[in-house]
Amino acid sequence: MTDPRPRRPLIGLTLGDPGGIGPEIVAQCLVDPDLRSQARLVIYGAATPLTIASEQLGIAPDWYRAGAQAHGDKALLDTPVLLDDSDDDRLLDLVHRPNATQGAASKRWVEHAIADAMREEEDPRRLDAIVTGPISKQAWSLAGFNWPGHTELFAHRTKSRHVTMVFESPHMRVALATVHIPLMGVRDALTIGRVFEAIEGGAKACRFLGLDSPRIAVCGLNPHAGEQGVLGWEEEKVIRPAIEMARHGGIEVSGPDPADTLFRRVVGGEFDLVVAMYHDQGLIPLKLLGQGAAVNWSVGLPFVRTSPDHGTAFDIAGRGQADPASMKAAIELAIRLTQQHPAACGDSPPEVRSAD
């Protein structure tokens, strides 16, 4: 008889910066019965920060501890497996601030997870998805790494040409045309191609989520969307041509519209996703409405990768105050995508019907 239950995907969780709240939110997710019933969990990190966090939270560790390069027998994966990378004794003395040692460790754990997600499909150690704990970009820099964030590292390691940062929340969906770029550099980085890829990536994400004809709105860059060139020319010379390209490709898209009024229309249900031109333009309204429930999703990788919508929160790390809601939502989205649409990791969305 065929098992009617959905396949339980193998999900890799990276611990994030060990001095941040990553160990706390991961520890809380590991004992969540709903998550454990839906997925097999592998943690990329070190025993010390995870154990300390568990003790602070009153959680009894019940995960299997293995060496950093071995998952152990596949049958053991009904219990979460910690791939313990504890070679660096300096991780025994954690600090709740950007630190080169901790930055190097958090990046190493991400690299190990990427390598396992890129294994051959028949390899039992191949991950179906990766959910990344929050890292400190400053700590990565202190450790000598120039990656501005997870998204750029994942794209480079997987040789993925078009990766779109998409945020999913109960209130709205947002795709970003530019990501981790200083505000003064956005204008130079914004091209017709970048805007088009964000529209296309956002449409792809919506289709994976069950919307076969998503309604997409695009923000302008300047106040009042440039006022036909009076307040800036980017809308007419960069954003509008990208919108026209997307329309010719069969995507239902409108804009560019003033950002200060557009998000209200999105929340009102007029659109399924909004494309923002830069990081804070899209994420301030999203996080204001959806803190604790929003998820960052890298669309365009050869596997599913999600993450919580917040950072390391060094200021509250080690106090047992961290809310695991966004981390849990990120794991739940990864499970949903890998179970419902195994092709969601690739470049071509599956044929799906409208969620209506």
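This is a predicted model: local features need pLDDT of at least 70, side-chain atom pairs count only at pLDDT 80 or more; totals for chains, interfaces and linings use all residues.
Visitor: Why is Asp32 called buried?

Guide: The relative accessible area of Asp32 is 14%. Buried means under 20%, so Asp32 is placed in that class. This residue lies in the loop between helix H1 (22-30) and helix H2 (33-38).

Visitor: What makes the approach of the Asp32 side chain to the backbone nitrogen of Asp34 a polar contact?

Guide: The side chain of Asp32 reaches that nitrogen at 2.9 Å. A polar contact requires a pair of N or O atoms within 3.5 Å, one able to donate a hydrogen and the other to accept it. The backbone nitrogen of Leu35 also lies 3.2 Å from a polar atom of the Asp32 side chain.

Visitor: Why is the link between Arg36 and Asp62 called a salt bridge?

Guide: The N to O distance between their side chains is 3.0 Å. The limit for a side-chain nitrogen of Lys or Arg and a carboxyl oxygen of Asp or Glu is 4 Å, and therefore the pair qualifies. Arg36 in helix H2 and Asp62 in the loop between helix H3 (47-57) and strand S3 (64-67) are 26 residues apart.

Visitor: Which class of accessibility does Arg36 belong to, and why?

Guide: Arg36 counts as buried because its relative accessibility is 19%, and the class covers values under 20%. Asp62, at 37%, counts as partly exposed, since that class lies between 20% and 50%.

Visitor: What makes the pair of Asp84 and Arg65 a salt bridge?

Guide: Their closest N and O atoms are 2.5 Å apart, and the cut-off is 4 Å. Asp84 lies in strand S4 (residues 81-84) and Arg65 in strand S3, so the pair ties together parts that are 19 residues apart in sequence. Asp84 is buried at 11% relative accessibility, whereas Arg65 is exposed at 54%; exposed means over 50%.

Visitor: How do you know that Arg215 and Asp272 form a salt bridge?

Guide: Their side chains meet at 3.1 Å, N to O, which is to be set against the limit of 4 Å. Arg215 is in strand S8 (residues 215-219) and Asp272 is in the loop between H10 and strand S10 (273-276), so the pair ties together parts that are 57 residues apart in sequence. Arg215 counts as partly exposed at 29%, and Asp272 is buried at 13%.

Visitor: How many salt bridges are found in the whole structure?

Guide: The search finds 16 salt bridges. Asp116, Arg119, Asp123 and Arg125 are linked in a network of salt bridges.

Visitor: What makes the phi of Lys159 worth noting?

Guide: Most residues other than glycine have a negative phi. Lys159 is not a glycine, yet its phi is positive, at about 55 degrees. The residue is found in the loop between helix H6 (150-157) and strand S6 (164-168), and it counts as exposed because its relative accessibility is 75%. Ala313, also not a glycine, has a positive phi near 50 degrees; this residue is in the loop between strand S12 (304-308) and helix H12 (325-340).

Visitor: Why is the peptide bond from Gly255 to Pro256 called cis?

Guide: Its omega is near 0 degrees, and the bond is cis. Most peptide bonds are trans. Pro256 is located in strand S9 (residues 252-257).

Methods:
Residues are numbered from 1 along each chain as its sequence is written. Side-chain values use heavy atoms; hydrogens and water are left out. Helices (H or I, at least four residues) and strands (E, at least two) are DSSP runs, numbered from the N terminus. Buried means under 20% relative accessible area, exposed over 50%, partly exposed in between (1.4 Å probe, protein chains only).
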